[in-house]
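Here are my notes for a first look at this entry. Please read them with the structure open beside you.

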Amino acid sequence: MLAFLSSAAVPAADLLEIYREAQKSDAVYASARAAWAAGQEKLPQGRAGLLPQANLSASTQYNDRDIRSRNPATPEASGQFNSNSVTLSLTQPIYRAQNFAQYEQAKTQVAQADAQFALAAQDLILRVAQAYVDVLLAHNDVELAAAQKAAIGEQLAQAKRNFEVGTSTITDTHEAQARFDLTVSQEIAAQSNLEIRKRAVEQIIGKPAPALALLGKNFILSLPEPNAMEQWVAEANQSSLQILISQAGLSFASQEVTRNRGGHLPTLDAFASYSDSGSGSGIQGGFGNDTTSRVVGLQLAVPIYQGGLTSSRVREALANQDKARQDLENARRTAELNTRQAFLGVTNGVAQVQALQAALVSSQSSLDSTRLGLEVGVRTQVDVLNAQQQLFSTRRDLAQATYNYTLSLLRLKAAVGRLAEEDLVKVNAWLDRK
């Protein structure tokens, strides 16, 4: 009993708790974080092409030589000796158009990686909210199915009693029995769907889904600020993450054209080297020799013809640039469409929820009136069952509209690139953890 009471006192997990668990455990988000970390390395890689390159090489070898002359008068000679060398070389690019373009591409790739990770963060919020809402809707369906089964069960029992005393026909009993059996199957389906929705939450947080807080009385309907669709569309054109990612893709493609055209240009490098080598006396006798060499110079390379490779790469880069331009245009159109859909989802959601709230009151009044009409003989058992069905359908539609409105609020912020944890805090305040 104590264990039961202690477990019952544990409050249900709210949306923020599930979100923070997802930040730590969601595999998709962790993959995006790793991709972002990899993307940050593009900058030092691009910068490396502008910095000096130093190399140190050393070698040692043992030589064993035998010389046999074809002149019989010349004696054979042999010798064994060591030769060693150490070389330090330094190269500094002075003018390499391709390296400068590659450095600019690296900066573009870092900016794109930042936008992609921000998009992954927004996607995590939306996925958590969607999974959370799906569980609440499935839980609501289970409760409605149970309540509907209980209500129809009462009608079925009453129909059987009325038939036994002769005040109703067997048709009323059969109708009530059919509705009851259908509701039982719907309850089973709702329970199965609830378990599936819970597994979706578990996939995100990486552990069994806890009990979730339900929507409470603090829920407030509000229209978007500003309540003007085109202002939201204009903002999406400026700050949508999908558009920013596509813009970075177009910039990279344009820089790729510049980089490949740089293959036609000459390159100029400064270089310096220092080498120290020594060799034993060998076959010739004597004392051997040591050599020290110091070299400083400039190297100019002018590409003349590479079999058409550079020109082909330029044409390929131009085609990819055109593709990136079309991808950007598609991203703009998609962002505008998503923004308009989300805006209408919020504004129409407010009207729909308000209408369904009024319809719920009317459905309850209709059911009460129908029950009273059954008692006085002007309504049938079927009329009561239909009124009950209408009431429960209205409750289900109201819950669906309420949660759709909530998700539309988040999607609208995501469409303009402004979805953040603060938006979850607002939604989380509508939940009741008790």
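This is a predicted model: local features need pLDDT of at least 70, side-chain atom pairs count only at pLDDT 80 or more; totals for chains, interfaces and linings use all residues.

1. Start with glutamine 247. Leaving aside residues up to four places away in sequence, glutamine 247 touches Leu328 and Arg332.

2. Where does glutamine 247 sit? Its place is in helix α8, residues 241-261.

3. Glutamine 247 and glutamine 389 are 142 residues apart along the chain. Their C-alpha atoms are separated by 52 Å.

4. Turn to helix α6, residues 170-205. Does its span agree with its residue count, or disagree? The helix has 36 residues, and at 1.5 Å a residue it should span 52 Å. The end C-alpha atoms are 53 Å apart, which agrees.

5. Helix α6 has buried residues, among them Asp172, Thr173, Arg179 and Glu187. Which helices do the buried residues of α6 pack against? They pack against α2 (15-25), α5 and α10 (381-415).

6. Look just past the end of α6. Glycine 206 takes a positive phi there, of about 75°.

7. Next, the aromatic rings. A search of the whole structure finds five aromatic pairs. One of them joins tyrosine 29 and phenylalanine 117. Their ring centres are 5.5 Å apart and their planes lie at 25°. Planes under 30 degrees apart count as stacked, so this pair is stacked.

8. The pair of tyrosine 29 and phenylalanine 117 links distant parts of the chain. Tyrosine 29 is in helix α3 (residues 27-40), and phenylalanine 117 is in helix α5 (residues 97-165). They are 88 residues apart. Ring pairs also bring in Trp36, giving a cluster of Tyr29, Trp36 and Phe117.

9. Is tyrosine 29 buried or exposed? It is buried, because its relative accessible area of 10% falls under the 20% limit.

10. Which residues make the nonpolar patch of about 470 Å²? Ile94, Tyr95, Phe100, Leu265 and Leu298 make it. Isoleucine 94 is found in strand β2, residues 77-95. Its relative accessibility is 42%, so isoleucine 94 counts as partly exposed.

Conventions: Residues are numbered from 1 along each chain as its sequence is written. Side-chain values use heavy atoms; hydrogens and water are left out. Rings of Phe, Tyr and Trp (its six-membered ring) pair if their centres lie within 6.5 Å; planes under 30 degrees apart count as stacked, over 60 as edge-to-face and the rest as tilted. Helices (H or I, at least four residues) and strands (E, at least two) are DSSP runs, numbered from the N terminus. Buried means under 20% relative accessible area, exposed over 50%, partly exposed in between (1.4 Å probe, protein chains only). Patches are made of residues with over 30% relative accessible area and no salt bridge: like charges are joined within 9 Å, nonpolar side chains (Val, Leu, Ile, Met, Phe, Trp, Tyr) within 5 Å. Accessible areas come from the Shrake-Rupley method with a 1.4 Å probe; for residues, only the protein chains shown count as cover. A salt bridge is a side-chain nitrogen of Lys or Arg within 4 Å of a carboxyl oxygen of Asp or Glu. The expected span of a helix is 1.5 Å times one less than its number of residues. Contact means heavy atoms within 4.5 Å.
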